[in-house]
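Subject: the two-chain model

Hi,

Here is the structure I promised to pass on. Have a look at it first, and then read my notes below.

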Amino acid sequence: MIQLNRVSKSYNGLPVINRLSLTVEPGEMVGLVGPSGAGKTTLLRLIAGLIQPDAGTIRVASSRLSYVFQEARLLPWRSAAANVAVALRANGADRQTSHMLAQDWLRQVGLAGFDHYYPAQLSGGMQQRVALARAFAVQPDILLLDEPFSHLDDGNKQELLAILRQLIESTNVTVMYVTHTIAELDGLASRILPLKSCGTLPPPARR
Amino acid sequence: MQPTLERNIPTLPVTLPRPAAGLKKIAAACPAYLGWHLAGIGLLLLGWQLLAMTTHNAIVASPAATGEALYQLIISGQLVVEMAITVKRLLIALMLGGAVGFGLGVLAGFSRACRALLEPVRWVMMTLPAIFIAIFGLLWFGVGDTQVIFLVTVIAAPVVYLNTLAGFDSLDQQLIEMGRVYRFSRWQFLTDIYLPGIGFNVITGLTLAAGIGVRAVLMAEVLGAADGIGHSFNRAWTFLKTPELFAWMLVSLLLMALLELGFLKPLRRAVMRWQQQST
């Protein structure tokens, strides 16, 4: 469960999130849409604990949280499999198990045989597949996605959205998906929250 | 066989360089402007020869006389003996200086307080003229190995330290955030993010330190050692054996080239293996 109570955040005196309250139930899939500067990324970063709010409280009931960023954020000096394995090891798996699981997750995102490739040898779409494999490999109970496919061409984006839907369906993960494009949320969000400027929300609309 | 991407993407959108063979491989290994490099060397030799022809041979030895002196040093075995002594001192000092500079650089990279604490020391070490440090070395350790190693260590450490710090400053903060999200342990942060991330800068620091170190080791040997290339250079000067003096000068250049090819390049290749495989 994710619970935000009157959360505010500003950068250099400029309010980005203003007294935002929001509850996301376990297993719920929430889509956050809004224009640039609406505070979508800030909201995810607050939930992930990467930044602290200026006011208000955030409660995140999670033992494992995954975050798929706009950029793949892979370690350039580690192979695709090692990039997945390193997250698994951070979550308690031993070296051998993590490597086996990493190969399996790469296969699930359509990258069988690319285990030993370095990120620079992979295209943007393939790198984002590795990031997806890493995010799901740790078996998160909360998954934050911050416009993960915004840099990709339409073909790649549709493929990755299909993989993402499939992976989410097979788990009971709580999802928060940030995007500019409402069409991306088809099948990925049970609730869509249109975030307006300064991180304010109108009454939520049910889909 | 190249693996193929599943889900409607038939081929790998990157092509990896295929290993070249024979002449192609040699041509690929040759740097651009090789001809100009060789012309530059020829120009240097020509200038040297002209200088030797227009001055007394006790002041500037000709390339031929220097070559003869060098040959004598080789067949007498003196070159190998003196070179081994200098190389041993240089490597010990570079390892010591490298370890100290790297260790303190890592500490200062993690701790702003540590960085502020070390800054005055770094400033003093980098500002003091090498000749002053050499004289302090002579005063404290006398003639021999220790003062030579001391000088090179003190000169190399701040260079490696500064480059290690620069590596920390240029680390991709997004990767650190990713590590925080996935709950990397301190050890994982160190071995999976920090050390590989600063590797290039550390190697650059070591290369710079080696360049400065070669000059420093020879200076320290000139000032206060009973053997080594620097000492032999000094002895040739004392007895006005100008061709031998020039031969030792060539040996000092050879020393740097050997250090670069035999130690620094393989080290760089090992540390930056991922980058070579990525290109």
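In chain B, helix H3 (residues 63-76) packs against helix H11 (residues 242-271) at an angle of about 75 degrees, and their axes are 8 Å apart. Axes here are lines fitted to C-alpha atoms, for helices over the stretch in contact, with angles running from 0 to 180 degrees between N-to-C directions. That makes H3(B) roughly perpendicular to H11(B), because 65 to 115 degrees counts as roughly perpendicular, under 35 as roughly parallel, over 145 as roughly antiparallel and the rest as oblique. Helices (H or I, at least four residues) and strands (E, at least two) are DSSP runs, numbered from the N terminus.

On the H3(B) side the contact is made by Ala65(B), Thr66(B), Glu68(B), Ala69(B), Leu70(B) and Leu73(B), and H11(B) brings Pro243(B), Glu244(B), Phe246(B), Ala247(B) and Leu250(B). Contact means C-beta atoms, placed from the backbone, within 7 Å. These residues split into eight nonpolar, one polar and two charged (nonpolar is Ala, Val, Leu, Ile, Met, Phe, Trp, Tyr, Cys and Pro; charged is Asp, Glu, Lys and Arg; the others, Gly among them, are polar).

Before I go on, the housekeeping. This is a predicted model, where local features need pLDDT of at least 70 and side-chain atom pairs count only at pLDDT 80 or more, while totals for chains, interfaces and linings use all residues. Residues are numbered from 1 along each chain as its sequence is written, and chains are lettered from A and ligands numbered from 1 in the order in which they are written.

Chain B as a whole has twelve helices and zero strands. Of its 279 residues, 33% are buried (20 or more other C-beta atoms within 10 Å of the residue's own; 12 or fewer is exposed, in between is partly exposed, with C-beta atoms placed from the backbone). Among chain B contacts between residues at least 6 apart in sequence, 72% join residues at least 24 apart.

Where the chains meet, chain A puts in 27 residues and chain B 25. On the chain A side, strand S5 (65-68) and helix H2 (80-90) are the elements giving two or more residues. H2(A) gives the most, with four. That side divides into 17 nonpolar, five polar and five charged residues.

Chain A itself is divided into domain 1 (1-63 + 141-207) and domain 2 (77-139), with bounds from an automatic or database domain assignment. Their C-alpha centres lie 24 Å apart, and the contact takes ten residues from domain 1 and nine from domain 2. Helix H5 (residues 154-169) of chain A gives the most to the domain 1 side, with five residues.

The largest nonpolar core has 126 residues, and those with the most contacts inside it include Val84(A), Val130(A) and Leu151(B). A core here is a set of buried Ala, Val, Leu, Ile, Met, Phe, Trp, Tyr and Cys residues joined through C-beta atoms within 7 Å. Most residues other than glycine have a negative phi. Glu147(A), in the loop between strand S6 (142-146) and H5 of chain A, has a positive phi of about 40 degrees. Leu240(B) has one of about 50 degrees and counts as exposed, with 10 C-beta neighbours inside 10 Å.

Cheers

Terms used: Two residues are in contact if their C-beta atoms, placed from the backbone, lie within 7 Å.
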